[in-house]
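Me: I would like to go through the pockets of this model and the terms used for them. Please start with the terms.

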Amino acid sequence: MSECIFCKIVNKEIPATVVYEDDEVLVFMDIGPIIKGHTLVIPKKHYDPVTETPDEMLAKMHITAKKIAAAQMNGLGADGVNIMQNNGRASGQEVEHIHIHVIPRFADDGHHWNWHPKKYDDFDEMNNLAGKLREQL
Ligand code: 5GP
Ligand code: ZN
């Protein structure tokens, strides 16, 4: 993936402020933080999207995100943490190399997700969608 910006960060072709790395994962500061301290966890090997990423790597990434969340609370004094992962342009994903956002949250940080809950027309509509999901599992 020669054009992938996160592969370039892994290969040190472009700089990043690294927080943690081992043989499998790299953790670095997001250049455009939602909240200062916003951190990204990526596999060193290129995978995308989540459905094409091996289970073992997903486990490793999430265990790493948990450690980063603890570091944000203990080291930055975060009151909470958002852990997010986008898949596909429709979800808001911009960089197509799987990554977990670990975002420190502070009681007074002023950030609000644009999250407006909707309603199903009726129980059948919800149950029909659940049925389509069950068929795939
Ligand atoms: P996505 O929308 O794909 O889930 O998130 C991509 C994230 O990568 C964004 O939060 C963006 O700020 C961050 N990002 C994009 N390019 C770079 C870069 O070159 N360096 C760093 N450190 N972060 C980047
Ligand atoms: Zn990549």
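Reply: Helices are DSSP runs of H or I with at least four residues, strands are runs of E with at least two, and both are numbered from the N terminus. This is a predicted model, in which local features need pLDDT of at least 70, side-chain atom pairs count only at pLDDT 80 or more, and totals for linings use all residues. Residues are numbered from 1 along each chain as its sequence is written.

Me: What makes a residue part of the lining of a pocket?

Reply: On a 1 Å grid over the protein atoms alone, a pocket is an open set of points where a 1.4 Å probe fits, with protein on both sides within 12 Å along at least five of seven lines, and a lining residue has an atom within 4 Å of a point. The largest pocket is lined by 19 residues, with Phe6, Asp30, Ile31, Leu40 and Val95 nearest its centre.

Me: Which element gives the most to the lining of the largest pocket?

Reply: α1, with three residues. Both α1 (5-10) and β2 (25-29) supply at least two.

Me: How is the lining of the largest pocket divided by residue class?

Reply: Into 11 nonpolar, six polar and two charged residues. Ala, Val, Leu, Ile, Met, Phe, Trp, Tyr, Cys and Pro count as nonpolar, Asp, Glu, Lys and Arg as charged, and the others, Gly among them, as polar.

Me: What is the volume of the second largest pocket?

Reply: About 270 Å³, a volume being the space filled by probe spheres set on the points, which are joined across faces, edges and corners. Ile34, Met84, Asn86, Ile103 and Trp113 are the closest to its centre among 14 lining residues.

Conventions:
Chains are lettered from A and ligands numbered from 1 in the order in which they are written. Side-chain values use heavy atoms; hydrogens and water are left out.
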